[in-house]
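Good morning, and thank you for coming.

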Amino acid sequence: TNNLLKPADGAPVLNIGQDVVLGNYYLTYEKPNAQTDEVKAYSSVYEAEMAYDAGKLQLQSPIRIFAKGEIRNTTLGRVFFNEILPEDFPYDNNIQNKKQLKKVLAQIFQNYDAEETAKTADRMKGLAFRFATVAAVSTGKDDYVSFDEIAEFVAEGDAKAALISDQYDQGLITEDERYSLTVNNWRGVDGRVEKFLVEKLSDMDTSISVMVNSGARGDISNVKLASAMIGIQVDAANREIELPIRSNFKKGLSSLEAFVATRGSRKGLIDTALKTADSGYLT
């Protein structure tokens, strides 16, 4: 309790991550197949919990319930989450992802004290472990869905790259301009693919979307590598290679792509060796 604040910026140092985020997110998110038109009403948390135990109610189904002093439209999972917060803390009806959980703990720290914050974090952990187990989130190859639209983005990128090459052949642009335009073109394709995946994941209800949307594990760029395209790589001198890797890890790479990818891996190893000395020197 005496070391809860970061000396740097005064933010709580409690690192809420992974399973603790996953369990609380699973309790409070809007699960597509749990959304019903009929909103059931319950007189108390105990009655709703009995319905849940009997298999008549899902954690994420919308319900009307008397909780924290008034009748609310919420879900049983969110009621469970609010039960672990201090009694006079305002009801939080939000989806609890990593950012939101940190915000809740920061508010508790401001309004109560370090001891209450530590106890709440502990209860948060207990609740999360219980429901992360229920969530049974796991991942396999087939969870990474391939989308046909990605091929369209790549085709557009190819057409633009061909146009840039034509302009260079006609002497309209210099070699340097051709290189930077080509790299920027593929960076743009990368950005569009990422944005597209974010939109797709927001509507999906799979283990992958739960992990990424909650902030528990991985982010959108990891999903992009596995199910869309790998994109631009850099060589050992940190210069971008203008031939992008169009494949993803699920499909596998062609011989040439695998060869280009080794350049990126080599840069990683070189950096590890050299940057260590740099940071030590700065210290």
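This is a predicted model: local features need pLDDT of at least 70, side-chain atom pairs count only at pLDDT 80 or more; totals for chains, interfaces and linings use all residues.

Residues are numbered from 1 along each chain as its sequence is written, and side-chain values use heavy atoms, with hydrogens and water left out.

Let me begin with helix α8, residues 207–214. Helices here are DSSP runs of H or I with at least four residues, strands are runs of E with at least two, and both are numbered from the N terminus. Seven of the eight residues of α8 are buried, so the helix is largely enclosed by the rest of the structure. By buried I mean under 20% relative accessible area; exposed is over 50%, and partly exposed lies in between, with a 1.4 Å probe and protein chains only. The buried residues are Ser207, Ile208, Ser209, Val210, Met211, Val212 and Ser214. What covers them? The cover includes α1 (19–28), α4 (98–111), α7 (175–203) and α9 (220–227). Just after α8, Gly215 takes a positive phi of about 85 degrees.

I turn now to α1 and its crossing with helix α5, residues 114–135. Their axes come within 7 Å and cross at roughly 70 degrees; axes are lines fitted to C-alpha atoms, for helices over the stretch in contact, and angles run from 0 to 180 degrees between N-to-C directions. The two helices are therefore roughly perpendicular to each other, a term covering 65 to 115 degrees. Among the residues making the contact are Leu22, Tyr26 and Leu27 of α1, with Leu127, Phe129 and Phe131 of α5; contact means heavy atoms within 4.5 Å. The contact residues divide into twelve nonpolar, two polar and two charged. Here Ala, Val, Leu, Ile, Met, Phe, Trp, Tyr, Cys and Pro count as nonpolar, Asp, Glu, Lys and Arg as charged, and the others, Gly among them, as polar.

Next, the sheet. Three strands form an open sheet in the order β1-β2-β3, with mixed pairing; two strands pair if DSSP finds at least two bridges between them. At the edges are β1 (40–42) and β3 (70–75), each pairing on one side only. From one strand to the next, the twist averages 25 degrees. β1 pairs with β2 (residues 62–67) in the parallel sense over three bridges, and Ala41 has Arg64 as its bridge partner in β2. Helix α3, residues 76–83, packs on this sheet and touches β2 and β3, its direction making about 115 degrees with that of β3.

Finally, the individual residues. Most residues other than glycine have a negative phi. Lys68, in the loop between β2 and β3, has a positive phi of about 50 degrees although it is not a glycine. Lys68 counts as partly exposed, at 30% relative accessibility. Gln18, in the segment before α1, also has a positive phi of about 50 degrees, and Gln18 is partly exposed at 40%.

Leaving aside neighbours within four places in sequence, its contacts include Asp190, Leu225, Ile245 and Phe249. The C-alpha atoms of Ile230 and Pro244 are separated by 7.6 Å, with the two residues 14 apart along the chain.

Note on methods
Angles under 35 degrees count as roughly parallel, over 145 as roughly antiparallel, 65 to 115 as roughly perpendicular and the rest as oblique.
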